[in-house]
Amino acid sequence: PWIAFKEFVEKESNGRIEVVIYTNAAMGGCLESAEKVQMNILQMHFGSSSNLTALFPELEVFELPYMLDDTLDNVKLFYNDKSQLDGPVFAPLDKAFKAKGMKIAFISPTSFRAIGMAAPNIHTPAQLKGSKVRSTASRLERAVLSDFGANPVTMAFSEVYTALQLKTIDGVGLGAASMYTNKFHEILKTVLMNKYNSFFMIASINNKFYDGLAPWAKDIVDRGFTHAITTANEQWDKVNGGHIQEMVKAGVDVYTPTEAEWAEWKKLAAGTAEEYSKKLDPAWVALVKEKLGKK
């Protein structure tokens, strides 16, 4: 979506607005770069809802194991029929971000976290048991990995590739397509597609910077946000699927659980799902389930 945003804004502004994109945690980890946006050192940020739970605990509901099912659950939860951020689920998040000096720009389609392992043929919880798996700082993600018998290890994302090389960790929890774009497939032998955790990538912009834009510039930026999310919604599955196929071509075993194995993964995570649901505002959980069409 950022490439789509950059191309749109620079073209529409006839080059008067320049968008510089920093990749691969060049501006620090997720929380560090988010704090830089709060201070207007960086103007925009793209971070996972998993990491951002440390700043916005409201996001934890979307991480409940197997809460989200579909790539376009972002549309159900956050967007109106004009592809604009809106609605009762978006409103409290909007308020929380603005209170910390940030405005939500767009929210990506759903990503589902898989487990990438440096060892081959890791297909079941029994085979995963005792493995050191990199997790985000999310306490919920760490709890689910523990349910599966893994030992969650929190570290900066920029350190993961080297840690896999050095065997400091055995694997990483991440969206499968992101494993490819970050070149983890050069080390990984198995990608276990058990979708144990879901997350959105949330783009935000510094409030003061946004409010200080000239009206013509703000109009272009706003339309750029809509263009970015529309493009992402249309291409997310295709692009991610292409990345996964490239991993398969590279010799990685991308494994989808059988129906019986799905049931086992979900059963192992059920206790954590119930425990963490009780820690959240019941009305908030009920609202999210209602928008998702769940009981």
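Me: Contact here means heavy atoms within 4.5 Å. Which residues does F184 touch, not counting residues up to four places away in sequence?

Reply: A word on the model first: it is predicted, so local features need pLDDT of at least 70 and side-chain atom pairs count only at pLDDT 80 or more, while totals for chains, interfaces and linings use all residues. Residues are numbered from 1 along each chain as its sequence is written, and side-chain values use heavy atoms, with hydrogens and water left out. F184 sits in the loop between α9 (176-181) and β7 (190-199), where helices (H or I, at least four residues) and strands (E, at least two) are DSSP runs numbered from the N terminus. The residues that F184 touches are F157, V160, Y161, L164, V172, L174 and M179.

Me: Is F184 buried or exposed?

Reply: Buried means under 20% relative accessible area, exposed over 50%, and partly exposed in between, using a 1.4 Å probe and protein chains only. Because its relative accessibility is 2%, F184 counts as buried.

Me: Which side of helix α1 do its buried residues take up?

Reply: Helix α1 (residues 2-12) has W2, A4, F5, F8 and V9 buried. Since they cover an arc of only 155° around the axis, taken from the directions from the helix axis to the C-beta atoms, these residues lie on the same side of α1.

Me: And which exposed residues does the face of α1 turned away from its buried side carry?

Reply: The buried residues of α1 are covered by elements including β1 (44-48), β2 (102-107), β8 (201-206) and α11. The face turned away from that buried side carries the exposed residues I3, E7 and K11.

Me: At roughly what angle do the axes of α1 and α11 cross?

Reply: Two packed helices are described by the angle between their axes and the distance between the axes. Axes are lines fitted to C-alpha atoms, for helices over the stretch in contact, and angles run from 0 to 180 degrees between N-to-C directions. The axes of α1 and α11 come within 8 Å, and they cross at roughly 145°.

Me: How many nonpolar residues does the contact of α1 with α11 have?

Reply: In this contact, A4, F5, F8, V9 and E12 of α1 meet residues of α11 that include I220, V221, F225 and A228. Ala, Val, Leu, Ile, Met, Phe, Trp, Tyr, Cys and Pro count as nonpolar, Asp, Glu, Lys and Arg as charged, and the others, Gly among them, as polar. By class, the contact has three polar and two charged residues, and the number of nonpolar ones is eight.

Me: How far apart in space are W265 and T124, C-alpha to C-alpha?

Reply: W265 is part of helix α12 (residues 259-279) and is buried, because its relative accessible area is 0%. Its contacts, leaving aside neighbours within four places in sequence, include H123, T124, P125 and L192. Although W265 and T124 are 141 residues apart in sequence, their C-alpha distance is 8.4 Å.

Me: Where does L192 lie?

Reply: L192 counts as buried because its relative accessibility is 0%. Not counting residues up to four places away in sequence, L192 touches A114, I115, I122, H123, Y255 and W265. The element in which L192 lies is strand β7.

Me: What is the phi of K167, which is not a glycine?

Reply: K167 belongs to the loop between α8 (160-165) and β6 (171-175). K167 is exposed because its relative accessible area is 66%. Its phi is positive, about 65°.
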